[in-house]
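Dear colleague,

Please find the structure for your review below. My notes on what was found in it follow directly after.

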Amino acid sequence: MRQNKRLPVPDLSTEEKIKNAARIIFHQKGFAATRTRDIAEEAGINLALLNYYYRSKEKLFAIIMQESLAAFFQTVSSVMNDETTSLEKKIELFVSNYIDLLLVEPDIPLFLLSEVRSNPDELLGKLNIRELFQHSAFMKQYRAGVESGKIAPVHPMHFMMNVMGLTVFPFIGNPMLKMVGGMSQQQFETMMKERKALIPKWVKTMLKAR
């Protein structure tokens with residue numbers, strides 16, 4: 001009688017080790033420039049073992065990309081749809097949470113920008129970003145503020161671009177800003193933490209109706 005082959009029990013620690021290594025390499029190099037051999041070396045395993053767990057670079061990249069996007073936009077979803085916080089508090093939480101995330105994962109912005117520009121419909125469509133933005137508690141509060149005259153009647157996308165620019169751009173321009181400012185990495189990170197309090201104040205001034 002023919003016996004079925006017993007499949008190996010998955011080693012979850014090895015899977016996580018591969019994913020963590022892939023996240024580092026993909027974030028630094030992007031999809032095109034990354035080799036599976038680079039990931040295997042970063043994970044401290046041989047290439048055959050990597051191929052056993054993840055059959056292709058494309059499959060591994062899809063997993064890392066989805067997780068990176070989910071992490072990057074999870075903050076947006078939780079903050080913007082909280083009915084219990086004010087518009088001002090949402091701005092504070094948005095900025096603070098994103099800066100905390102980017103201090104830990106500083107390569108995420110360039111990675112996402114590069115990959116999303118290559119395939120925006122497939123990557124962003126899965127996250128329903130438009131629906132998240134248009135039907136959020138934040139948008140209801142924003143429109144109410146405009147109607148009441150407390151907020152300047154400008155397109156809300158101006159607000160989003162300003163907040164994202166003030167929060168994310170310093171991490172994208174990190175090398176240039178450190179060189180121009182004569183800062184160490186530690187000084188740069190200290191400045192980013194200071195911006196958690198400064199950016200909401202600047203944005204609040206922008207929103208005020210004249």
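Thr 14 sits in helix α1, which covers residues 12-33. Its relative accessibility is 9%, so Thr 14 counts as buried, the cut-off being under 20%. Leaving out residues up to four places away in sequence, Thr 14 touches Leu 49 and Tyr 53. Please note that this is a predicted model.

A polar atom of the Thr 85 side chain lies 3.5 Å from the backbone oxygen of Asp 82. When neighbours within four places in sequence are set aside, the contacts of Thr 85 are Val 79, Lys 90, Leu 93 and Gln 141.

As to the chain as a whole, it has twelve helices and zero strands. The pattern along the sequence is accordingly written α-α-α-α-α-α-α-α-α-α-α-α. The protein chain has 210 residues, and 37% of them count as buried. Among contacts between residues at least 6 apart in sequence, 68% join residues that are at least 24 apart. The accessible surface of the chain amounts to about 13000 Å², and carbon and sulfur atoms account for 56% of that surface.

In soluble globular proteins, nonpolar side chains tend to be buried together. For Leu 60, the residues touched are Ile 18, Lys 19, Ala 22, Phe 26, Ile 39 and Tyr 54, again without counting residues up to four places away in sequence.

Helix α11, residues 174-181, gives the most to the patch, with three residues. Val 180 has its place in helix α11. Is Val 180 buried or exposed? Its relative accessible area is 66%, and because the cut-off for exposed is over 50%, Val 180 counts as exposed.

Yours sincerely

Methods:
Residues numbered from 1 in each chain as written. Predicted model: local features only at pLDDT ≥ 70, side-chain atom pairs only at ≥ 80, totals over all residues. Heavy atoms only, no water. Contact = heavy atoms within 4.5 Å. Helix = DSSP H or I, 4+ residues; strand = E, 2+ residues; numbered from the N terminus. Buried < 20%, exposed > 50% of the residue type's maximum accessible area, 1.4 Å probe, protein only. Areas by Shrake-Rupley, 256 points an atom, 1.4 Å probe, with all protein chains shown as cover. Polar contact = N/O pair within 3.5 Å; in protein donor to acceptor, adjacent residues only side chain to side chain.
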